[in-house]
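Notes follow as I took them.

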Amino acid sequence: MNNTTPSVQQWLESHAARLKSRPVPELFATDPERFARYSREFGGILLDFSRQRLDDGALAALLDLAGHAGLRARITALLDGALVNDSERRAALHTLLRVPGATPVTGPLAPLHMEVLAVRARLAAFVREIHDGTRHGATGERFTDVINIGIGGSDLGPAMAVAALHPFHTGHLRCHFVSNVDGLQLADLAAELDPAHTLVIVCSKTFTTQETLANAHRARAWIAARLGEAAVPAHFAAVSTNTLAMDQFGVGADARFEMWDWVGGRYSVWSAVGLALELAIGTAHFENFLAGARQMDLHFRSAAWRDNLPVLLGLLAVWNRNGLGCPSHAVLPYHQRLARLPAYLQQLEMESLGKRVTRTGQAVAADTGAVIWGEPASNAQHSFFQLLHQGTAAVSMDFLLPLQGAADNSADELVIGNCLAQLQALMAGHQAEDPQRRHPGSRPATLIAFARLDPAMLGRLIALYEHKVFVESVLWDINPFDQWGVELGKRLCGPILDALDGHAPPEAGPVESRPLLAWIRRCRQDTGGAAAGSRSTEGIS
Ligand code: F6P
């Protein structure tokens, strides 16, 4: 869009003004076909947006906006491997990871696809060997436990999916996830697990991430202290773009799995970063997970925008953010096994859309990414739903509802009944005499319903959100594939650590932090926690 084009907010203004004073129940009352007209189905997913404060005029404006923003060309650029990550001059080819071997890939993506398939084959062989016991620990014992060490995209994707697909676990292995730099997750696991039966996967695109390296060295020391230094290679696998660092860490060549700079961390669960998931559910189910995502990719590329689930979900997000002014968006799965989905989407959405300049470095003309949060909805009904019903905060919502998958049939009914009741209350509100009991209604909520959560369905759902985020980024003209915002804090940490542990005097820290650093050093000395130079990644045996 050029400078004379109205901003997203201006584009939507008149529609928002019209709809802000139209309660959603009225929209239903004047349109008996509203559910049919404002819902779409693809791949077993129902996207019901009939409870959004939306009418045909607003939807048409959003579709026009997408056209003016060049969405068609941007989708093609993304899927064809153009350098859509402008600031890093990289492609964002997570979709290539889901193209099966049987699908011919021609042109410049062909050699990359061959590399993807080669790594996939090595992963499948590795998983098979662990499952059948031909690959085992240094003492000859089978692996029973896997610890994935990683953070951000190298943790959230596999952790979310391993929990979500629990009914599909093969039963060979239990998977654990360690991300926090404080070392407590690993300390708890070390107290519980037998290193002789434990495989550690160090997952890091860069292999330079401080939190991951600290935990990896702790785990290495744990294995070495219990089983001897020579045992280390048999108990470690690694996933990274950084072969040299994996090598230096001591991971054997046959347990190192490559990823590529054209796979963003938050889009990496489809790559070897998904190894813990593949170990948990087996290769056949992992391939179904990829196949589900691939189905959504094809739909995203070719379906008319009016029927295109990711396009519609992205447009709804822009509508709620810029048209109706909701800075906050809740993700509410009616399924305990999707408990980590909100955290996963927090990284996907907020690292991608938390931007304030356009792709060419101009200040953005509209508000960008919303704050994403959420919890399993059954529990949330009894905590923060009060605010959703009667609070003054403007929050948009996604309700995710599997029709099967609870503990039994009657539990499924309880789940469905609660979800529909909440949707109804949020939409219709309640006109009580007593102001305390009055509910305004017309709260913007989308329902995403599906028969059951299986690997293919999870793949479709995650790809749906990935592409939804891309659509938003196109309408805001921002780069969703970089994350410069997290770099500054990382850089500042080094000098602060030096000043904290005595490698440097407190004066070496940032001037504003020096009195605080001096206070912390004093306190730590008083409590015996602060030997100079005590920063370490030492063992936890
Ligand atoms: O801090 C942000 C980030 O770079 C994420 O984008 C990424 O997923 C995470 O850190 C972990 O990075 P790596 O996989 O390189 O360890």
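For a charge to count as sitting over a ring, I want NZ of Lys or CZ of Arg within 6 Å of the ring centre and within 35 degrees of the ring normal. I'm working on a predicted model, by the way.

Charges over rings: I looked up arginine 34 and found its charged end over the ring of phenylalanine 28, 5.6 Å from the centre. I also noted arginine 220, which lies over the face of phenylalanine 249 at 5.7 Å from the ring centre.

Ring pairs: with centres within 6.5 Å as the cut-off, I get 13 aromatic pairs. I picked out phenylalanine 126 and phenylalanine 257: the ring centres are 5.2 Å apart and the planes stand at 75°, so I log the pair as edge-to-face. Phenylalanine 126 is in helix α6 (residues 109-132) and phenylalanine 257 is in strand β7 (residues 256-258), so this pair ties together parts 131 residues apart in sequence. Buried or exposed, these two? Both phenylalanine 126 and phenylalanine 257 are buried.

I also wrote down one aromatic cluster, made up of Tyr334, Trp373, Phe384, Phe385 and Phe399.

Ligand: I find 14 residues around it, and Gly153, Ser154, Ser204, Thr206 and Thr209 come nearest. I then checked contacts to ligand oxygen atoms. Serine 154 puts a polar side-chain atom 2.7 Å from one. Glycine 153 has a backbone N or O atom 2.8 Å from a ligand oxygen, and for lysine 205 I again have a backbone N or O atom at 2.8 Å from an oxygen of the ligand. On its own the ligand has 390 Å² of accessible area, and the protein covers 88% of that.

Terms used. Residues are numbered from 1 along each chain as its sequence is written. This is a predicted model: local features need pLDDT of at least 70, side-chain atom pairs count only at pLDDT 80 or more; totals for chains, interfaces and linings use all residues. Side-chain values use heavy atoms; hydrogens and water are left out. Rings of Phe, Tyr and Trp (its six-membered ring) pair if their centres lie within 6.5 Å; planes under 30 degrees apart count as stacked, over 60 as edge-to-face and the rest as tilted. Helices (H or I, at least four residues) and strands (E, at least two) are DSSP runs, numbered from the N terminus. Buried means under 20% relative accessible area, exposed over 50%, partly exposed in between (1.4 Å probe, protein chains only). A residue is near a molecule or strand if one of its heavy atoms lies within 4 Å of it. A polar contact is a pair of N or O atoms within 3.5 Å; within protein, one must be able to donate a hydrogen and the other to accept it, and residues adjacent in sequence count only if both atoms are side-chain atoms. Accessible areas come from the Shrake-Rupley method with a 1.4 Å probe; for residues, only the protein chains shown count as cover.
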